[in-house]
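Here are some notes for a colleague opening this entry. Please read them with the sequence and the model side by side.

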Amino acid sequence: MDNTIIVALISLVGTLGGSLGGILVSSKLTAYRIEQLEKKVEEHNQFARRMPVVESQLEEIARRVDDLEEYHKGV
């Protein structure tokens, strides 16, 4: 076999290996980033579910404070 063909085949194998390796690493990084975003979304969803409860509790507390202020004004 001619040296030029051998060098070309070695170059082909190296190029294919490098390309496939890059694709695999990129895929793993993308999967990792998606996983991290899913965790952040889940945290946000839990916060969004709790906020209406906190708001209703604050409204109740504000109403009770107003009632106490009215009571002490009358005393």
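Is A31 buried, partly exposed or exposed? With a relative accessibility of 45%, A31 counts as partly exposed; buried means under 20% relative accessible area, exposed over 50%, and partly exposed in between, with a 1.4 Å probe and protein chains only.

1. Basis of the note. This is a predicted model, in which local features need pLDDT of at least 70 and side-chain atom pairs count only at pLDDT 80 or more, while totals for chains, interfaces and linings use all residues. Residues are numbered from 1 along each chain as its sequence is written, and side-chain values use heavy atoms, with hydrogens and water left out.

2. Secondary structure. Helix 1 has 72 residues, and from its first C-alpha to its last it reaches 105 Å. That is close to the 106 Å expected at 1.5 Å a residue, where the expected span is 1.5 Å times one less than the number of residues.

3. Bend. At R50, helix 1 bends by about 25°, the bend being the angle between axes fitted to the seven residues ending there and the seven starting there. A proline, P52, follows within four residues.

4. Overall shape. The C-alpha trace spans about 110 × 15 × 5 Å along its principal axes. The radius of gyration is 32 Å, whereas a compact globule of 75 residues would have one near 11 Å; the value is taken over C-alpha atoms, and the globule rule is 2.2 Å times the number of residues to the power 0.38. As a local example, A31, which is in helix 1, lies 24 Å from T15, C-alpha to C-alpha, at a separation of 16 residues in sequence.

5. Surface. Buried residues make up 0% of the 75 residues. The accessible surface comes to about 7000 Å², and 64% of it belongs to carbon and sulfur atoms; accessible areas come from the Shrake-Rupley method with a 1.4 Å probe, and for residues only the protein chains shown count as cover.

6. Nonpolar patch. M1, I5, I6, L9, I10, L12 and L16 make a nonpolar surface patch of about 720 Å². Patches are made of residues with over 30% relative accessible area and no salt bridge, with nonpolar side chains (Val, Leu, Ile, Met, Phe, Trp, Tyr) joined within 5 Å and like charges within 9 Å. I5 lies in helix 1, which covers residues 3–74, and is partly exposed at 44% relative accessibility.

7. Salt bridges. Side chains of opposite charge can pair when their charged atoms come close. The whole structure holds five salt bridges, each a side-chain nitrogen of Lys or Arg within 4 Å of a carboxyl oxygen of Asp or Glu. Among them is the bridge between E70 and K73, at 4.0 Å from N to O. These two residues are three apart in helix 1, about one turn, and both are exposed.

8. E60 and R63 have their closest N and O atoms 2.6 Å apart, and D67 meets R63 at 2.8 Å, N to O. Why are E60 and R63 separated by about one helical turn? Because they are three residues apart in helix 1. D67 and R63 are four residues apart in that helix, also about one turn. Relative accessible area is 37% for E60, 42% for R63 and 42% for D67.
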